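Subject: Structure handover

Hello,

Here is the structure I said I would pass on. Please open it next to this email and follow along.

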Amino acid sequence: MITGRPDTRPRVAVSSCLLGELVRYNGGHSRDRFLTDALDPYVDWIRICPEMEAGLGTPRETLRLEAAADGPRLRTRTTHADLTDRMRALAAERAAVLDVDGYVFKAKSPTCGIHGVPVYRADGTPADRRNRGLFAETIIAAHPLLPVEDEGRLHDALLRESFVERVFAHARLRALLAGGWRPRDLVAFHARHKMQLLAHDPLRYRQAGRVVAEAGVRPHEEVAAAYAAIFREALATKATLGRNVNVLQHAMGMLALDPARRADLVEVIESYRAGVVPLSVPTTLLRHHARGEAAEYVSDQTYFSPYPDDLRLRNHVPALG
């Protein structure tokens, strides 16, 4: 049976140093406790260190990006050895076979950084700090819809929750499409993700629905590719407070609640809208009522459990404005 259940284990690529491997330039590591302690029990890591795979070893001379007429060049800081072509070739090889649901890169790295990597002038002063690392740039260009973050940004509660939500959604989609799915499996998958998709991108939810409706008549692989693209694009769109409120109200409208419980839910949803309580409060209450009412269509929605509950990622209060 094809399920793509929420307990599907994501495959997540990661800069090896972030998991405590001694691969940094100085022989050390950059262990990140959210990755090694909180997320580790729920994902399968694909460990990657471009410098080690390029044969640079550890400890090693530090690297930096240097300005050049044909674009930034990756060079060693002291001897100025040019590693650009070697790193780009390695990145292209990795990108061609990469089959993961997300990627966590090392922040600020000249190979793996995805935000704010400096490019230096010949005199050693920074010329531009708005670049990506050479390896990461190639990976992201080859997989533009892949959820990517660096460990620094994952310290932000909102960015962390968004990244993990997308990773688990990608994993469920991968599990579905890898298993010889039938049209009815795609229908069920899309139905279970309805509220989650609506919270991100209502337009693409409807576009995906039209693809699902053609699953029995269009070629199998064509349907899979079209649905996967729209699904991933939808999840890449930021969920907003307003769309979350609409989804919460929609879910409440599907439950046969007495006036007192309905009033309680309305109050909690309005408290979320006002930035008083986190999203976990109304979603937990709605899921509780859905189970009590045996409303399986609501309780089975991935919106209420987009990733393992033990991660507790929805406990941040939304920022208003």
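Below are notes on the cores, the pockets and the cysteines.

Some ground rules come before the findings. This is a predicted model, where local features need pLDDT of at least 70, side-chain atom pairs count only at pLDDT 80 or more, and totals for chains, interfaces and linings use all residues. Residues are numbered from 1 along each chain as its sequence is written, and side-chain values use heavy atoms, with hydrogens and water left out.

**Cores**

In soluble globular proteins, nonpolar side chains tend to be buried together. A nonpolar core here is a set of buried Ala, Val, Leu, Ile, Met, Phe, Trp, Tyr and Cys residues joined through side-chain atoms within 4.5 Å. Buried means under 20% relative accessible area (exposed is over 50%, partly exposed in between; 1.4 Å probe, protein chains only).

The largest nonpolar core has 41 residues. L186, Y227, F231, L286, V298 and Y303 touch the most other members. Helices α5 to α12 each give two or more residues to this core. The largest share, eight residues, comes from α9 (220-236). Helices (H or I, at least four residues) and strands (E, at least two) are DSSP runs, numbered from the N terminus.

Look at Y227. Leaving out residues up to four places away in sequence, Y227 touches L173, L186, F189, H190, L197, A208, V211 and V212. Contact means heavy atoms within 4.5 Å. Another core lies apart, with 26 residues, among them L74, F105, V117 and I140.

**Pockets**

A pocket is an open set of points on a 1 Å grid over the protein atoms alone, where a 1.4 Å probe fits, with protein on both sides within 12 Å along at least five of seven lines; lining residues have an atom within 4 Å of a point. Volume is the space filled by probe spheres set on the points, which are joined across faces, edges and corners.

The largest pocket has a volume of about 810 Å³. Its lining has 39 residues, and L158, E161, S162, K238 and A239 lie nearest its centre. α5 gives the largest share of that lining, seven residues.

The second largest pocket holds about 390 Å³. It is lined by 27 residues, with R24, Y25, E51, S109 and P110 closest to its centre.

C17 is buried, at 7% relative accessibility. For C112, the nearest is also that of C49, 6.9 Å away. C112 is buried too, with a relative accessible area of 3%.

Best wishes

Definitions and conventions. Disulfide = S-S within 2.5 Å.
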